[in-house]
Amino acid sequence: MEDKAIQAKAGKRSYVGIVTSDAMDKTIVVSVSTKKMDRLYKKYVTSTKKCKAHDEKNEAHVGDTVKIVESRPLSKDKCWRLEAIIERAK
């Protein structure tokens with residue numbers, strides 16, 4: 001419980017998404033989808049964002065649902081870190 005309070009205090013964002021690629025060493029690509037109501041047409045629009053995340057032990061594989069947390073820049077494109085694997089792919 002204290003760990004969550006510390007992260008919220010630090011102001012770090014976190015997302016839950018699905019791993020779309022694990023071909024790189026110690027890096028995964030995570031697709032994060034959000035639904036938002038369109039103001040004009042009153043329909044939900046799905047937008048997808050891809051984030052590269054650091055996976056130190058190469059644990060996550062394609063299709064896994066994971067939680068990623070914001071971190072310091074680790075490379076040119078990578079500023080997210082794998083926190084937990086929520087559900088394994090079947």
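A few ground rules come first: residues are numbered from 1 along each chain as its sequence is written, and side-chain values use heavy atoms, with hydrogens and water left out. Because the model is predicted, local features need pLDDT of at least 70 and side-chain atom pairs count only at pLDDT 80 or more, while totals for chains, interfaces and linings use all residues.

Strands here are DSSP runs of E with at least two residues, numbered from the N terminus, and two of them pair if DSSP finds at least two bridges between them. Take E2 (residues 27-37) and E3 (residues 44-54): eleven bridges hold this antiparallel pair. Lys36, for instance, has Val45 of E3 as its bridge partner. Six residues sit between the two strands of this hairpin, and among them Lys42 adopts a positive phi near 55°.

On to E1 (residues 14-21), which runs antiparallel to E4 (residues 65-70) and is joined to it by five bridges. Within that pairing, Tyr15 faces Ile68 of E4 as its opposite number. E1 also pairs with E2, again in the antiparallel sense, over three bridges; here Val19 is partnered by Val30 of E2. The E1-E2 hairpin has five residues between its strands, and Lys26 in the turn shows a positive phi of about 60°.

That leaves E5 (residues 80-87), which runs parallel to E3 and is joined to it by two bridges.

Notes. Helices (H or I, at least four residues) and strands (E, at least two) are DSSP runs, numbered from the N terminus.
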